[in-house]
Amino acid sequence: MTITSSFNPAKYEESIEAILDEFLLDYFPAASYTITFQPPSGPTKPTLWLQMMPGSNREMRTSDGAGKWVQGKRVMFLVSMLSKVRTDAITMADRLTGAVLASSSALGSAGLRYAELSPVQDIIVE
């Protein structure tokens with residue numbers, strides 16, 4: 001899997017969302033799932049909702065692409081799995097974990113290095 005989008009510091013949030021959206025569509029096809037970065041309103045199919053959280057500077061430095069090193073930024077997302085069936089939410093969490101573990105090098109090539117996951121909580125939508 002190759003990600004065609006790349007990180008652009010001038011369009012910080014937009015470029016991160018484009019990379020993640022492209023990456024996640026391989027694992028969560030649009031026909032079966034919804035991937036959103038905005039609060040979902042009345043989801044009709046299982047939804048993966050990513051909310052960007054305040055990050056912090058990280059100790060690692062990263063290249064700016066022009067041969068200079070710049071201080072990196074730690075980008076964090078709160079990830080919510082919304083579904084009417086709990087097993088669907090658990091399956092989505094497992095699929096997301098597998099995607100990051102199996103293809104984190106693709107995220108690194110696109111400019112998002114050091115991907116990691118924290119515990120995932122499922123949300124049942126009534």
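Let's start with the surface. Met53, Met76 and Leu78 form a nonpolar patch there, with about 240 Å² of accessible area together. A patch here takes residues with over 30% relative accessible area and no salt bridge; like charges are joined within 9 Å, and nonpolar side chains (Val, Leu, Ile, Met, Phe, Trp, Tyr) within 5 Å. A salt bridge puts a side-chain nitrogen of Lys or Arg within 4 Å of a carboxyl oxygen of Asp or Glu. Accessible areas come from the Shrake-Rupley method with a 1.4 Å probe, and for residues only the protein chains shown count as cover.

Met53 sits in strand S2, residues 47-63. Its relative accessible area is 35%, so Met53 is partly exposed. The cut-offs: buried is under 20% relative accessible area, exposed is over 50%, and partly exposed is in between, with a 1.4 Å probe and protein chains only.

A word on the source. This is a predicted model, in which local features need pLDDT of at least 70 and side-chain atom pairs count only at pLDDT 80 or more, while totals for chains, interfaces and linings use all residues. Residues are numbered from 1 along each chain as its sequence is written, and side-chain values use heavy atoms, with hydrogens and water left out.

How confident is the predictor? pLDDT is its confidence in each residue, from 0 to 100. The protein averages 78, and 74% of the residues score at least 70. Confidence is highest in S1, at a mean of 92, and lowest in S4, at 57.

Now the layout. The protein has two helices and four strands. Along the sequence, the pattern reads α-β-β-β-α-β. Helices (H or I, at least four residues) and strands (E, at least two) are DSSP runs, numbered from the N terminus. Of the 126 residues, 29% count as buried. The accessible surface comes to about 8,000 Å², and carbon and sulfur atoms hold 52% of that.

Contact means heavy atoms within 4.5 Å. Take the contacts between residues at least 6 apart in sequence: 53% of them join residues at least 24 apart.

Ala110 lies in the loop between helix H2 (86-109) and strand S4 (122-124). Is Ala110 buried or exposed? Its relative accessibility is 4%, so Ala110 counts as buried. Which residues does Ala110 touch, not counting those up to four places away in sequence? They are Ile3, Ser5, Ser6, Phe7 and Ile19. Thr4 is 106 residues from Ala110 in sequence, yet their C-alpha atoms are 7.4 Å apart in space. Thr4 belongs to the segment before H1. Thr4 counts as exposed because its relative accessibility is 70%.

On to helix H1, residues 12-25, which holds Phe23. Phe23 has a relative accessible area of 1%, so this residue is buried. Phe23 and Ser103 are 80 residues apart in sequence, and 8.9 Å apart C-alpha to C-alpha.

Last, two polar contacts. The term covers a pair of N or O atoms within 3.5 Å; within protein, one must be able to donate a hydrogen and the other to accept it, and residues adjacent in sequence count only if both atoms are side-chain atoms.

Thr36 lies in strand S1, residues 34-36. The side chain of Thr36 reaches the backbone oxygen of Gln38 at 3.0 Å. Thr36 counts as buried because its relative accessibility is 15%. Leaving aside neighbours within four places in sequence, Thr36 contacts Thr47, Leu48, Trp49 and Leu50.

Ser83 is in strand S3, residues 69-83. A polar atom of its side chain lies 3.0 Å from the backbone oxygen of Val85. With a relative accessible area of 4%, Ser83 is buried.

Definitions and conventions:
pLDDT is the predictor's confidence in each residue, from 0 to 100.
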